[in-house]
Amino acid sequence: TLTTTPEKSEEVRTQELQLAQLEKQQILEFESRLAAASSKQVITEQSSLLLSTITRMDPLGPLRRPAAGVLDQLKQINSHYKLGHLLCRSRKRDFLLDILQRQGTNQAMPWLADLVESNEGSLSVLPVQCLCEFLLNDSVPDLESGQTKKRKAWELLNHLQTLLQNPETDFASCQETLDY
């Protein structure tokens, strides 16, 4: 998120709700004009056909949260095509670091556990800071037993140890690992 304080977050949510209400009124007015021209029908939120299907396009306006249906559809597409994992593998290393830094190390990051677990056998594609943050937050969920959690932690620790001991690893990566 772009907000840094709870007050700012609440302000953004309030503004977003006001914009959504204004848009809803504008869509209902538009649909009422269309209906008045053809059938003289009174349009309400319950009888509206357009309210759930269109939004106002304002590319220069404030950022807005997508509708719940759009978010659900995006989740389905992501689970089917594994877009998040593909983006993780095709990104520049600092993309993920930027997200970590913006969220801060004191926030819960459930998506991080999924990301690290999904990179089974290819931990080298993830930045060192991401792996360290994962270990520090102890965010691996117990799937069937503590053994899965321990195995993943050991796998990550071995990977980090290999990075530190590899003579070809650049000094900056070693320093970042040790700083964590």
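**Helix α1 and the rest**

Analyst: The buried residues of α1 are Ser9, Glu23, Ile27, Leu28, Glu31 and Ala35. Buried means under 20% relative accessible area, exposed means over 50%, and partly exposed lies in between, using a 1.4 Å probe and protein chains only. Helices (H or I, at least four residues) and strands (E, at least two) are DSSP runs, numbered from the N terminus.

User: Before we go on, what sort of model is this, and how are the residues numbered?

Analyst: This is a predicted model, in which local features need pLDDT of at least 70 and side-chain atom pairs count only at pLDDT 80 or more, while totals for chains, interfaces and linings use all residues. Residues are numbered from 1 along each chain as its sequence is written, and side-chain values use heavy atoms, with hydrogens and water left out.

User: How many helices and strands does the protein chain have?

Analyst: The protein chain has eight helices and zero strands, so that along the sequence the pattern reads α-α-α-α-α-α-α-α. Of the 180 residues in the protein chain, buried residues make up 22%.

User: Back to α1: what span should its 33 residues have?

Analyst: At 1.5 Å a residue, the 33 residues of α1 should span 48 Å, and the end C-alpha atoms of α1 are 48 Å apart, which agrees. The expected span is 1.5 Å times one less than the number of residues in the helix. Just after α1, Lys40 takes a positive phi of about 60°.

User: How many salt bridges are there in the whole structure?

Analyst: A search of the whole structure finds four salt bridges, where a salt bridge is a side-chain nitrogen of Lys or Arg within 4 Å of a carboxyl oxygen of Asp or Glu. One of them joins the side chains of Lys8 and Glu11, at 3.8 Å from N to O. Another joins the side chains of Glu10 and Arg13, at 3.1 Å from N to O.

User: Why can side chains pair like that?

Analyst: Side chains of opposite charge can pair when their charged atoms come close. Lys8 and Glu11 are three residues apart in helix α1 (residues 6–38), and they are therefore separated by about one helical turn. Glu10 and Arg13 are likewise three residues apart in helix α1, again about one helical turn.

User: How accessible are Lys8 and Glu11?

Analyst: Lys8 is partly exposed, with a relative accessible area of 38%, and Glu11 is also partly exposed, at 48%. In the other pair, Glu10 is partly exposed at 44%, and Arg13 is partly exposed at 46%.

User: Which residue forms a salt bridge with Arg56?

Analyst: Arg56 forms a salt bridge with Asp58, and their closest N and O atoms are 3.6 Å apart. Arg56 is partly exposed, with a relative accessible area of 35%, and Asp58 is partly exposed at 35% relative accessibility.

User: New topic: which residues touch the most other members of the largest nonpolar core?

Analyst: Of the 14 residues in the largest nonpolar core, Leu100, Leu112, Cys130, Leu131, Phe134, Leu156 and Leu160 touch the most other members. At least two residues of this core are supplied by each of α4 (93–103), α5 (110–118), α6 (128–137) and α7 (146–165), and the largest share, five residues, comes from α6. A nonpolar core is a set of buried Ala, Val, Leu, Ile, Met, Phe, Trp, Tyr and Cys residues joined through side-chain atoms within 4.5 Å.

User: And the second largest pocket, what is its volume?

Analyst: The second largest pocket has a volume of about 720 Å³. On a 1 Å grid over the protein atoms alone, a pocket is an open set of points where a 1.4 Å probe fits, with protein on both sides within 12 Å along at least five of seven lines, and lining residues have an atom within 4 Å of a point. Grid points are joined across faces, edges and corners, and a volume is the space filled by probe spheres set on the points.

User: Which residues lie nearest its centre?

Analyst: The second largest pocket is lined by 25 residues, of which Glu23, Thr55, Arg64, Arg65 and Ala67 lie nearest its centre. The largest share of the lining, seven residues, comes from α1.
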